[in-house]
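Dear colleague,

I am passing on the structure below, together with some notes on it. Please look at it alongside the text.

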Amino acid sequence: MALTKQKYSLEYPIKSSVKILFPRLSTPTGLSEWFADDVEAENDVFTFRWNKHIQKARVLTIKESQFIRFQWIEHESNPLDDFFEFKISQDDITGDVHLTITDFAYTEEIQDNKELWDTQINDLKRLLGS
């Protein structure tokens, strides 16, 4: 029986405008400031580098200032359980901005992945001065 990944979502309050936040989630320059050591893009394929580790992801869908969904290329055969998404929401009344990350991991890896996201989002918040 093949192992399947579990979907999970994390939500973070971000003290930033959507206009400033979205490019940090959707451009090579923005992503290289907090998500990876270096990011390059060619058409809809982003190449992420962490030290000597390289991974490529394809942009599956993007809606300006709202969300972007990537899929790791080595897992394209099963798009339903191997994407990660950054989604921005803003409260109509308070103006508060929230970033929701949706990702997939094997059950035994979810806690470690959540801690990694926490660390990365803390880097993003520091970058944004929030």
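The notes below take up the aromatic rings and then a proline.

This is a predicted model, in which local features need pLDDT of at least 70 and side-chain atom pairs count only at pLDDT 80 or more, while totals for chains, interfaces and linings use all residues. Residues are numbered from 1 along each chain as its sequence is written, and side-chain values use heavy atoms, with hydrogens and water left out.

The structure holds 21 aromatic pairs (rings of Phe, Tyr and Trp, the last by its six-membered ring, with centres within 6.5 Å; planes under 30 degrees apart count as stacked, over 60 as edge-to-face and the rest as tilted). In one of these, the ring centres of phenylalanine 84 and tryptophan 117 lie 6.4 Å apart with planes at 45 degrees, so the pair is tilted. Because phenylalanine 84 belongs to strand 6 (residues 83-90) and tryptophan 117 to helix 3 (residues 110-128), the pair ties together parts that are 33 residues apart in sequence; helices (H or I, at least four residues) and strands (E, at least two) are DSSP runs, numbered from the N terminus. Both phenylalanine 84 and tryptophan 117 are buried (under 20% relative accessible area, with exposed over 50% and partly exposed in between, for a 1.4 Å probe and protein chains only). Ring pairs link both residues into a cluster that includes Trp34, Phe46 and Trp72.

Proline 28, in helix 2 (residues 28-32), is partly exposed, with a relative accessible area of 24%. Leaving aside residues up to four places away in sequence, proline 28 touches Val39, Glu40, Ala41 and Phe46 (heavy atoms within 4.5 Å).

Best regards
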